[in-house]
Amino acid sequence: MTDVKDKIEKYNIPPYFKKVLILLTIVGPGLITANIDNDAGGIATYSLAGAQTGFRLLWTLIPITIALIMVQEMSARMGIVSGKGLADLIREKFGLKVTFYTLIFLIFADLGNTMAEFAGIASAGEIFGISKYISVPISSLFVWLLILKGDYKIVERVFLVGCTVYLSYIISGFMMKPDWLAIAKATFLPDVTAISMKDMPILVGLVGTSITPWMQFYIQSAVVEKGIKVKHLFESKIDIIVGCTFMVTVTMFIIICCAVNLHGAGLVINDAKDAALALRPLAGDFSTILFGIGLLNASIFAAALLPLAASYYVCEGLGWESGVDKSFEEAPHFFTIFTSLIIIAAVIVLIPNINLFKILIWSQVANGVLIPIILLYILNLCNDPDIMGEYTNTKMYNFISYGIILLMVLINGALIYFEAIRPLLE
Amino acid sequence: MSSLNIFSNFDEVSVHFSSCIGSKVLGRDGVSLGKVCDLFVDYEDLYPLVIAIQYKRNGQLFYANWESVENFSYHEIKIKNDAPEGQSRTFPKQENEKSITSILANQFTEAIEYPPIGKIVLDRQIVDTSGKKVVRVNDIQLIKVGQHLRVTHAEIGVRSMIRRLGYEKLVDKTISLFRPNSHYLKKSQLINWKYVHAIPSRNIHKNVKLNLSNDDIKSIHPADLADILEDLDSFGRETIFSKLDLQTKADTLTEIDEEILPSLINEDNLDEAAKIIEEMDADDAVDVLHELDERKAQLIIENIKDSEQKEEVRELLEYEANVAGGIMSNEYFEIDIEDTKNSILERIPKVFDEVETVNDLYIVDKEYQFLGMLTLGELLSYSDNVNIRDVMQEQDIISLGPDAHWKDVAEYMNKYNLFNIPIIENGELLGVVSVDDILPYLLNEKS
């Protein structure tokens, strides 16, 4: 960061431009985290949302974005001020027991998420007519080698470039010439009363794929890794706002694409593949290929980064050696967790006739149970002057945050009831 | 006398810190005073003595001195009638003469108030100065000594983790059914307290003003120390590094990961940064400076007092970091054409610390034009006091230019089995690249 400042002074760059340059060096963690958030599960949910409800739920993206920005900002601020990861802080403040059970749940939820990514890879392959028995084993090996033999920094950069694929959703959204007035109205002047019980699973899905437990760990580690200093807190906030806004714009356009073409067309859309294939006769090959590539890009990177992040924070919390640059003998737990997550997820996805949908729902339930708990930890840590010094939350911030947690509890409670408890009772 | 024995209801020799936590503290007539939440110890002992028990009642923290403990067990701790009760998160340090001070004790000598031991060590990272790595502590082990408890070990490993989770008995029984002699049951992973180095933490620092000295850290090899610093959070890393002496700082910086290197060189103290650079060999100094931004590097160079070092660093800084010129050392063993075997052998003790290697002898004239070379081994093989002019090798000398990529350097070393390669441009000997300069590139530590 300082080097850019120095170069600015050297080359006599005007002050407003200075700020932009400093910002660019801080940008990264927020943008990357937000983009991994648009993973296979996310794209599937957005496609469903568009196909089934049209523009009707677009407005919910605004409160979701605000909540997302706030929770990520807290984690990033904690990382910057304390210089420690979230698992680290939870262990030091709440002890081994709490950390252990939280991590067990997290691993379970992450396994489900990783499965969702491999299912996404399988779907993307099928769009192009490739059997999942070919696409999944090859991509799991690729992902494993990419992380363990490749350079993580390069992986991250490639991923950022891969994110530009998402821009094409926006382009194709414009090409479809939707009714912009209707979109603006649905977003900013919504008919909130039109929401029905039938929308609940989609709504829950939208919230659930946007605000996830693991991303809090991920963004905090990323800012710690980057060594961002307290004086750059403001730039870090901009990074998060830009990242979340970009992500939500992409989300909006995926919903719009599917809403314009598929809503009310009388088609049965169950997942991202259905949506992609249904787009072909209506919007042309371009959309189908775009959806396929978008899904593949999102799934592969999330399938690489999720197990990696999980292995890192489990080892961090339990005090085991970690790091891709270590050997197996040096960090056995780390490599075991990483490798098993990938193998188990890939194998389960490949079991013939397995009901993937059920597995995904259960992993979402695990996420849903966890996220309010993780957010409570974050709020507690963020208000601890021993950790945050003068950078604790303001009262207003806490008030809104507790509101968000309450909403999350209600929404996830509804999810758990509808998807997990009710089917058991029937 | 048994009624006076604090441990009359406690048979085990060693005490697990985690098992004490949550024990009931009982006062007069068995009235509950609260539950144990931590212990205060005298950090200035080699094996710290427990001096007070901290307990929690209605969310508030109190402590009772060890002298007022009547009976100790995991189940409950009885406090003598009318014993004084302190209310504080920390324990006021008592000034008394100490004959024994351990290395670790120095960490706490300037403390005004003692923090409880759990807060400093339990669930936190510490440096194991014997194993030379950063570990997370799962439990603390104490032993009974007379009527007192002393801290002896920090415990890491799976078994202590299972104990904390409350499954120790269950897991122990299950394993002893199948493998009664298993490694798990026989051995705990313990770190002797004298090798425990607490890591400075922002929150503890703020409350109790600990002065964490680094005497035990300094004796660790710089390469290990660099690994340790890489494992710490930024606050602990910078605090520990700032307390090292110049030489250790210099040695550690040359070993440390290039990503975190810039954060350790303090921009506000250019004078010290320059002094650290002066302590390094010129080629290492240049490696470090390459990781900093140009302006900062220039400012540091300007502050270097040793004009010879300054000049050498400037010369080397002209080249890219990944070519021979950027990797080489320009401090080589200069041999004059008029030298003889004896005159060279006499000079070796004087130059040994200064030059990259004495194994290869490079013969240059006054303008540093390269004339020839000879290995030390070859020189020693002559029994007479030979003239260099007569024995030096002038033809077929393997050398590279300063713009050769490190990969070419590595290839040449491999092909011709060399430990050192002279770097020559227009006949002038600029410096020497040795194999240990190339290894980090080969091992992907640098690029």
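**Reading two chains of a predicted model**

Colleague: Where in chain B does B:Asn58 lie, and what is the value of its phi?

Modeller: B:Asn58 lies in the loop that runs between β4 (50–57) and β5 (60–65) of chain B. Its phi is near 50 degrees, which is a positive value in a residue other than glycine.

Colleague: What does B:Asn426 have for phi, and where is B:Asn426 found?

Modeller: B:Asn426 is not a glycine, yet its phi is positive, at about 50 degrees. The loop between β19 (420–425) and β20 (428–434) of chain B holds B:Asn426. B:Asn426 counts as exposed because 8 other C-beta atoms lie within 10 Å.

Colleague: Now the opposite end of the scale. Why does B:Leu316 count as buried?

Modeller: The cut-off for buried is 20 or more other C-beta atoms within 10 Å. B:Leu316 has 25 C-beta neighbours inside 10 Å, so B:Leu316 counts as buried. B:Leu316 is part of helix α15 (residues 307–317) of chain B.

Colleague: Which residues does B:Leu316 touch, not counting residues up to four places away in sequence?

Modeller: On that count B:Leu316 touches B:Ala282, B:Asp283, B:Val286, B:Gly326 and B:Asn330. From C-alpha to C-alpha, B:Leu316 and B:Glu278 are 14 Å apart in space, and they are 38 residues apart in sequence.

Colleague: How is burial read for a helix, such as α11 of chain A?

Modeller: One asks how many of its residues are buried. For helix α11 (residues 200–210) of chain A the count is 8 of 11, and the helix is mostly covered. A:Ile202, A:Val204, A:Gly205 and A:Leu206 are among the buried residues of α11(A), as are A:Val207, A:Gly208, A:Thr209 and A:Ser210.

Colleague: How do I read the packing of two helices, for example α6(A) and α12(A)?

Modeller: Look at the angle, the distance between the axes and the handedness. α6(A) and helix α12 (residues 213–226) of chain A pack at about 130 degrees, and their axes are 11 Å apart. That angle makes α6(A) oblique to α12(A). The crossing of α6(A) past α12(A) is left-handed. A:Leu86, A:Ala87, A:Leu106, A:Ala109 and A:Asp110 of α6(A) meet A:Pro213, A:Trp214, A:Gln216, A:Phe217 and A:Gln220 of α12(A). This contact divides into 7 nonpolar, 2 polar and 1 charged residues.

Colleague: What are the angle and the axis distance for α6(A) and α7(A)?

Modeller: α6(A) and helix α7 (residues 132–149) of chain A pack at an angle of about 130 degrees, with axes 9 Å apart. The angle makes α6(A) oblique to α7(A). Here α6(A) passes α7(A) in a right-handed crossing. From α6(A) the contact takes A:Phe118, A:Ile121, A:Ala122, A:Gly125 and A:Glu126, and from α7(A) it takes A:Lys132, A:Ser135, A:Val136, A:Ser139 and A:Ser140. By type, the residues of this contact are 4 nonpolar, 4 polar and 2 charged.

Colleague: How many residues does the contact between the chains take from chain A and from chain B?

Modeller: Counting residues is one way to describe such a contact. Chain A gives 17 residues and chain B gives 19 residues. On the side of chain A, α1 (2–11), α6 (86–127) and α18 (385–388) each supply at least two residues. α6(A) has the largest share, 6 residues. The side of chain A that touches chain B is made of 4 nonpolar, 5 polar and 8 charged residues.

Colleague: With which residues is A:Lys97 in contact, leaving aside its neighbours within four places in sequence?

Modeller: A:Lys97 is in contact with B:Arg164 and B:Leu165. A:Lys97 is found in helix α6 of chain A, and it is exposed because 12 other C-beta atoms lie within 10 Å. A:Lys97 and A:Gln216 are 20 Å apart, C-alpha to C-alpha, and 119 residues apart in sequence.

Colleague: Which domains does the assignment give for chain B?

Modeller: It gives domain 1 (1–213), domain 2 (229–318) and domain 3 (334–442). In chain B, 8 residues of domain 1 are in contact with 7 residues of domain 2. The side of domain 1 of chain B that touches domain 2 of chain B has 4 nonpolar, 3 polar and 1 charged residues.

Note on methods. Residues numbered from 1 in each chain as written. Chains lettered and ligands numbered in written order. Predicted model: local features only at pLDDT ≥ 70, side-chain atom pairs only at ≥ 80, totals over all residues. Contact = placed C-beta atoms within 7 Å. Helix = DSSP H or I, 4+ residues; strand = E, 2+ residues; numbered from the N terminus. Nonpolar A, V, L, I, M, F, W, Y, C, P; charged D, E, K, R; others polar. Axes fitted to C-alpha atoms, helices over the stretch in contact; angles between N-to-C directions. Parallel < 35°, antiparallel > 145°, perpendicular 65-115°, else oblique. Left-handed = near helix turned anticlockwise from the far one by under 90°. Domains from an automatic or database assignment.
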